[in-house]
Number of protein chains: 2
Amino acid sequence: MSKKPEKDSFVTEITPRSQDFSKWYLDVVRRAELADYSPVKGCMVIRPYGYAIWELIQQALDRRIKETGHVNAYFPLFIPESLLNKEAEHVEGFAPQVAYVTHGGGEELEEKLVVRPTSEAIIGTMYAKWVQSWRDLPLLINQWANVVRWEKVTRPFLRTTEFLWQEGHTAHETGEEAEAETLKILHMYKETLETEMAVPVVEGQKSESEKFAGALRTYSIEALMGDGRALQAGTSHNLGQNFAKAFDITFQARDKSVQYVWGTSWGMTTRLVGAAIMVHGDDSGLVLPPRIAPFQVVIVPIGRDNWRETVLPKALEIQRELQAAGIRVTLDEREERPGWKFAEWELRGVPLRVEIGPKDIEKSAVLVARRDTREKQSLPMQDLADQLRALLDQIQRNLLDRALAFRAAHTQRAATYDEFKQVMEGRPGFVIAPWCGSAECEAHIKTETQATIRNMPLDPPAASGRCIRCDNPAQHAEAWFAKSY
Amino acid sequence: MSKKPEKDSFVTEITPRSQDFSKWYLDVVRRAELADYSPVKGCMVIRPYGYAIWELIQQALDRRIKETGHVNAYFPLFIPESLLNKEAEHVEGFAPQVAYVTHGGGEELEEKLVVRPTSEAIIGTMYAKWVQSWRDLPLLINQWANVVRWEKVTRPFLRTTEFLWQEGHTAHETGEEAEAETLKILHMYKETLETEMAVPVVEGQKSESEKFAGALRTYSIEALMGDGRALQAGTSHNLGQNFAKAFDITFQARDKSVQYVWGTSWGMTTRLVGAAIMVHGDDSGLVLPPRIAPFQVVIVPIGRDNWRETVLPKALEIQRELQAAGIRVTLDEREERPGWKFAEWELRGVPLRVEIGPKDIEKSAVLVARRDTREKQSLPMQDLADQLRALLDQIQRNLLDRALAFRAAHTQRAATYDEFKQVMEGRPGFVIAPWCGSAECEAHIKTETQATIRNMPLDPPAASGRCIRCDNPAQHAEAWFAKSY
């Protein structure tokens, strides 16, 4: 049995964001108890506070997935190796990253099982059984699941060997329908991030070298983090008929001919929690958008030694009132100094703090502090829930506006490759530049500047200008470059 | 590309329940599209209709888990073999059933990873880090996850190599608190099954030979299926200090001494979907309790060829009205005969069918058919939502009453071992009998009759009588025996 010290004070210094973004990120994740390292290499533990944020994102996304006609299902964790091997590009893309189960139930398995890195192979196999006629289409299925991709360098939420996600897999009669689905989901993802997480994103198409292994076309949404790096926040793939051909997913068409279905797949992951941290956080820690905040309001009783008698009853009454109004609220009753509590809940990013002391009670008012602007104001207790709800809406909007302004200030066009390199060396962001379309140029730019093409506009302007690097005629007038996570 | 026939008519015969219960079960699972076999041995695919039932059970349970002060988190899928080995009984119980990951990222792993069969080992390791002082207790964490236990004989929902579940893991200051938590959860499980699923259960304690590997005491809830076999529907374990000692989970107590925490763990799984099928279903298929029915009401338009013009608009109006009232409703617009549709939705167990035809519209009424009693009645369209809600409540209650009556009719006391064997050979059920307490007698009874001790009452009557098999003085006056899944 090991002797243990009293737990460290929760609110210890975190590295200022302005000083070392990467260290700040890890400090926030750990000190706000969002996640912890586990004894399994590359895998994290999502702690309750971090998981509560994920649950709110999940609910918001699941609602939209269902509203757009999709249903949830569950497919096996394991994929027989032979199935993964059926689509050539797919296996080439994923094989280096997979984990293999070789023994089960005390015996060596006849065929190795892959722990799913994504589920096209297993779902495609089932779709081949389920789809017979055009009447069975479209098939619109989503799955919430864990997946495993072996990673060498990991970072909590952003890149872990195991992560949680949703993966949609659909099958359609025509290529046009599949393309429409792919874009519908992309727009749904964008709307979810902007509405729920106050994270603005750029929609666009990935280059050939960055597309999903086995897809015809990949679209992504890209968000700009507080350090000027981009984060791919979601992807939506038009699979064409590639998987249908590999897995023999055919149907009898309206004209009685036998056709391959057209497929899509799309996913967003627990990395979204990382995006929320890195877009909104500041030197004091997390700043959570109200819609994904596990607690939207924290009530901190203020007072002398006898606050449990004088202040607590009123604080409890307010808590009940806010709860009844549907506000997620917590009351910090612990025996600690108010200042310590303020710092703790700021670190945890709670949007509104309500302070209540004997003088406030006399005035029938409370002191309310906003996490985003740090403004404080006295508000009457009368209709407090309505007033706080209005403030929460303001905070949600303000965070989006702030992130939009930040992105605008960090998105520029480069006229020359020197200028391009200069931006990427300094305080980066998105750089819009023409690109010749060659994978070679793309690779050179990455080697020379660390920047990659995040995506290209959905409605691209006509090809014009010359490639930012090689000066050949540009095939894409606007490619969005950035360093990325 | 393979030629495909038109899909078979959905509503084909299912084996009558009364004729072959086991075949009936598999027919219902397949024909109602609850689950399908997968290309991975022992793993099933949960299809959208089956998954929707699971989601409703999950939401009902998750709400209760949170209301009782627990929070959700997520721990890694993989457990290093050395961690599983730390608790001797635990590894002995689970090692034969585990799957091993031996290769990842193109390399052989230095240490094999176990795919979690349950998470005590990984969670215990984290609790050792997180718990320092009595102020950190109780720690009340739940996880929704997939787990893997290699199975030789599998059956959809009831026993599969991979399954979905929730697993709660708590740590407490005292043994009394841990015991109280274990029982609180047991009661919560019972209440959830009875309220939400209309499945009555018997609470009790497991015998030593049936308890969880590594636990001090295991409690279970046991439900009686329509064929007279029992199904263990949930378990709650008092782990004592076993895992705390194995994983060094200590805390500084109020008296400054260093103590091991007291633990509990508890889980319910996707097998609950199987319980709902087997408790309520009949010869025509599923009968779903309204609270876990993906669709509580199906509207079937009746009419001649022009029903799309004459009947559909009113049917859509009713659908919207019911939706607005919070009833889960679907409208079957397909080009099929009404009789075909009736059979399909009966097979799928939808609690209420609303038929609407031109004559009903004239009378401003609809015809409503109950799935549980098959009674039909004409109801005025006025306040239809309220009337249907009342009917749904009646159905929910009726299903519970029916299941309670069935259990009462299939629970008896045996005076002699011959009588005991006779019951188990015929149409079985629960048999209450005295037991000497020896594992040997328990094992013999299992070999000779297939019956096992499901559990023993929480408040047992004083020891009295003689063991049903060996005639030695009984240590337990009432052990509940049954054949089981």
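His103(A) sits opposite Tyr100(B), a residue of β5(B). That is one place to start in this predicted model. The strand in chain A is β5, residues 99-104, and five bridges join this strand to β5(B), with the two running antiparallel.

Now the contact as a whole. Chain B puts in 58 residues and chain A puts in 58 residues. On the side of chain B that touches chain A, strand β5 of chain B, residues 99-104, gives the most, with six residues. By type, that side of chain B divides into 33 nonpolar, 15 polar and 10 charged residues.

The same surface serves both copies, and 100% of the contact residues of chain B recur in chain A.

Last, strand β14 of chain B, residues 262-269. Eight of the eight residues in β14 of chain B are buried. Trp262(B), Thr264(B), Trp266(B) and Met268(B) point one way from β14(B), Gly263(B), Ser265(B), Gly267(B) and Thr269(B) point the other way, and all are buried.

As for its partners, strand β8 of chain B, residues 162-172, pairs with β14(B) in the antiparallel sense over eight bridges. Strand β11 of chain B, residues 230-240, is joined to β14(B) by five bridges, also antiparallel. Thr264(B) in β14(B) has Thr170(B) opposite, and Asn238(B) also stands opposite Thr264(B).

Methods:
Residues are numbered from 1 along each chain as its sequence is written. Chains are lettered from A and ligands numbered from 1 in the order in which they are written. This is a predicted model: local features need pLDDT of at least 70, side-chain atom pairs count only at pLDDT 80 or more; totals for chains, interfaces and linings use all residues. Two residues are in contact if their C-beta atoms, placed from the backbone, lie within 7 Å. Helices (H or I, at least four residues) and strands (E, at least two) are DSSP runs, numbered from the N terminus. Ala, Val, Leu, Ile, Met, Phe, Trp, Tyr, Cys and Pro count as nonpolar, Asp, Glu, Lys and Arg as charged, and the others, Gly among them, as polar. Two strands pair if DSSP finds at least two bridges between them. A residue is buried if 20 or more other C-beta atoms lie within 10 Å of its own, exposed if 12 or fewer, and partly exposed in between; C-beta atoms are placed from the backbone.
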